[in-house]
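Here are my notes for your read-through. Keep the model open beside them.

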Amino acid sequence: MLTKDKVTAYCLSKKGATEDFPFGPAPLVVKIGGKMFALITINEKKEASNISLKCDPVIAENLREQHEEVVPGYHLNKKHWNSVNLHGSLPVEDVISMIDHSYDLVLKSLTKKQQELIVTS
């Protein structure tokens with residue numbers, strides 16, 4: 001299981017990743033180039049309960065069909081975002097892969113100049 005510290009540390013280990021709290025003390029938003037790639041929901045016990053991640057629409061639908069822990073993004077564009085329950089039976093490697101996919105999608109959406117600055121930093 002991914003704890004709040006582990007999931008946050010992994011997201012922030014990505015090149016150019018920054019944390020932000022645009023909605024108050026929770027949830028934690030992780031951005032690259034000013035764009036969100038992860039939204040980590042913190043519960044009352046100060047634990048990460050789920051993470052919302054950007055996803056290719058076809059892959060997003062596939063993941064929802066394969067895993068009950070993956071649902072359309074809560075309060076997000078449901079075509080492009082999934083919310084993943086971190087307390088389910090989904091293997092850690094699968095969640096890590098979804099974080100990587102979200103990061104890569106958002107990185108590719110940035111301008112070439114922004115991408116270059118992030119990759120070479």
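1. Start with a term: buried means under 20% relative accessible area, exposed over 50%, and partly exposed in between (1.4 Å probe, protein chains only). Helices (H or I, at least four residues) and strands (E, at least two) are DSSP runs, numbered from the N terminus. This is a predicted model, where local features need pLDDT of at least 70, side-chain atom pairs count only at pLDDT 80 or more, and totals for chains, interfaces and linings use all residues. Residues are numbered from 1 along each chain as its sequence is written, and side-chain values use heavy atoms, without hydrogens or water.

2. Look at helix H3, residues 92-109. Its buried residues are Val95, Met98, Ile99, Ser102, Tyr103, Val106 and Leu107. Seen down the axis of H3, they fall within an arc of 170°, taken from the directions from the helix axis to the C-beta atoms. So they line one face of the helix. Glu93 and Lys108 are exposed, on the face turned away from that buried side.

3. Why might such a pattern repeat? An α-helix has 3.6 residues a turn, so residues three or four places apart point the same way.

4. Now the cysteines. A disulfide is a pair of cysteine sulfur atoms within 2.5 Å. The whole structure has zero. Cys11 is in none, and its nearest cysteine sulfur, that of Cys55, is 14 Å away. That is too far for a bond. Cys11 counts as buried because its relative accessibility is 0%. Cys55 counts as buried too, at 4%.

Key: Expected span 1.5 Å × (residues − 1).
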